[in-house]
Amino acid sequence: MQKIFNLDGKTAVVTGASSGLGKHFAKTLSAAGANLVICARRMQNLEELKDEIDGEVLVLPLDVTSEDSVKELFSEINNSVGAPDILINNAGTSDPRRFKDLDEESWNYVLDTNLNGAYRVAKSFTDSLLEENKPGSIVNIASILGLRVGLNLASYATAKAGLVQLTKSMALELARSNIRVNAIAPGYILTEINNEFFATEEGQSYIRNIPMNRLGLESDLDGVLLLLASEASAFMTGSIIPVDGGHLINPL
Ligand code: NAD
């Protein structure tokens, strides 16, 4: 049975692989047999990650807010390894503020990275598959905040809700081309950049709102990541899968 999760011979692109979840996703996909293309802005971090991984890894620069950068990435990938099979559309950011303190710059920064950036990468990935008439799987990294709201996160929640709708729209239009598009909606996952916050009293109060009464670990996403990336999910498209310790089913 484990064979259905196997990614031998597949090429997976992971955006925002320089830290946090993206870095972990890259390791998980490689352990399942995938060849990797890891991309982000911080090349030094990517080179260090490459050294930690045994399998094939191509390191390329990417700024998802630049259409030129995204196009250049896919032209490099197509020239060196051909159209990739899997996209983990993970790069993202946030700029938490009260709605009354939002300004154009902050709003555009979050929307341009989390929604427009994800669209740009998904579009170039899809174009390269369609050109070669190849099947593929896109895994968008959304958030439970794309399905519910939280304080100080209007731009983030709006961008992730947009990503949820982009996932479903693309899934609908690409199903007959055998390009599957699904999303993971993580809840609060402990990573290197948020561990200090979750140790504070405010952070601890967030954890008490999670029915399972703990933060997710990066490894808690492994199962769903491999499911959506692999043939194990051959009949799934347009699915948004929360991995959140029950956070979304908090009682009213
Ligand atoms: P992170 O900040 O460690 O990772 C984000 C990655 O995206 C980094 O590598 C960063 O460099 C990259 N990135 C940001 N802007 C970019 C740009 N313009 N071009 C290219 N790369 C860019 O945070 P994380 O927690 O690992 O987040 C990864 C994804 O998971 C994000 O989309 C985030 O919204 C989502 N997410 C995280 C959590 C969580 O609890 N950690 C929960 C839900 C969703």
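Visitor: Which backbone atom lies 2.7 Å from a polar atom of the side chain of Asn6?

Guide: The model is predicted, so read every distance here as a property of that model. A polar contact of this kind is a pair of N or O atoms within 3.5 Å. In this case the backbone nitrogen of Asp8 lies 2.7 Å from a polar side-chain atom of Asn6.

Visitor: Where does Asn6 lie relative to β1?

Guide: Asn6 belongs to the segment before β1, a strand that covers 11–15. Its relative accessible area is 37%, so Asn6 is partly exposed. Asn6 and Ala34 are 28 residues apart along the chain, and their C-alpha atoms are separated by 8.2 Å.

Visitor: Next, the strands. How many bridges join β2 to β3, and do the two run parallel or antiparallel?

Guide: Two strands count as paired if there are at least two bridges between them. Here strand β2 (residues 35–40) and strand β3 (residues 57–61) are joined by five bridges and run parallel.

Visitor: Which helix makes a β-α-β unit with β2 and β3, and is the unit right-handed or left-handed?

Guide: Handedness is read with the strands pointing away from the viewer: a clockwise path from the first strand over the helix to the second is right-handed. The helix here is α2 (residues 43–52), and the unit that β2, α2 and β3 make is right-handed.

Visitor: How many salt bridges does the structure hold?

Guide: The criterion is a side-chain nitrogen of Lys or Arg within 4 Å of a carboxyl oxygen of Asp or Glu. The structure holds ten salt bridges. One of them pairs Lys134 with Asp85, with 3.3 Å between the closest N and O atoms. This pair links distant parts of the chain, 49 residues apart: Lys134 sits in the loop between α4 (104–132) and β5 (136–141), and Asp85 in the loop between α3 (67–80) and β4 (86–89).

Visitor: Is Asp85 buried or exposed?

Guide: The cut-off for buried is under 20% relative accessible area. Asp85 has 12%, so Asp85 is buried.

Visitor: What separates Asp127 and Lys123 in helix α4?

Guide: Asp127 and Lys123 are four residues apart in helix α4, which means about one helical turn lies between them. Their side chains meet in a salt bridge, at 2.9 Å from N to O. Asp127 is partly exposed at 35% relative accessibility, and Lys123 is partly exposed at 38%.

Visitor: Which residue does Arg214 meet in a salt bridge?

Guide: The partner is Asp220, and the N to O distance is 2.8 Å. Arg214, at 38% relative accessibility, counts as partly exposed. Asp220 is partly exposed too, with a relative accessible area of 31%.

Visitor: Which residues are linked in a network of salt bridges?

Guide: The network links Asp95, Arg97 and Asp103.

Visitor: Now the ligand. How many residues are around it, and which come nearest?

Guide: A residue belongs to the surroundings if one of its heavy atoms lies within 4 Å. There are 27 residues around the ligand, and Ser18, Ser19, Leu21, Asn90 and Tyr156 come nearest.

Visitor: What kind of ligand atom lies 2.9 Å from a polar side-chain atom of Asp63?

Guide: For Asp63, the ligand atom is a nitrogen. Ser19 has a polar side-chain atom 2.8 Å from an oxygen atom of the ligand, while Leu21 places a backbone N or O atom 2.7 Å from a ligand oxygen. The ligand taken alone exposes 810 Å², of which the protein buries 90%.

Note on methods
Residues numbered from 1 in each chain as written. Predicted model: local features only at pLDDT ≥ 70, side-chain atom pairs only at ≥ 80, totals over all residues. Heavy atoms only, no water. Buried < 20%, exposed > 50% of the residue type's maximum accessible area, 1.4 Å probe, protein only. Polar contact = N/O pair within 3.5 Å; in protein donor to acceptor, adjacent residues only side chain to side chain. Areas by Shrake-Rupley, 256 points an atom, 1.4 Å probe, with all protein chains shown as cover.
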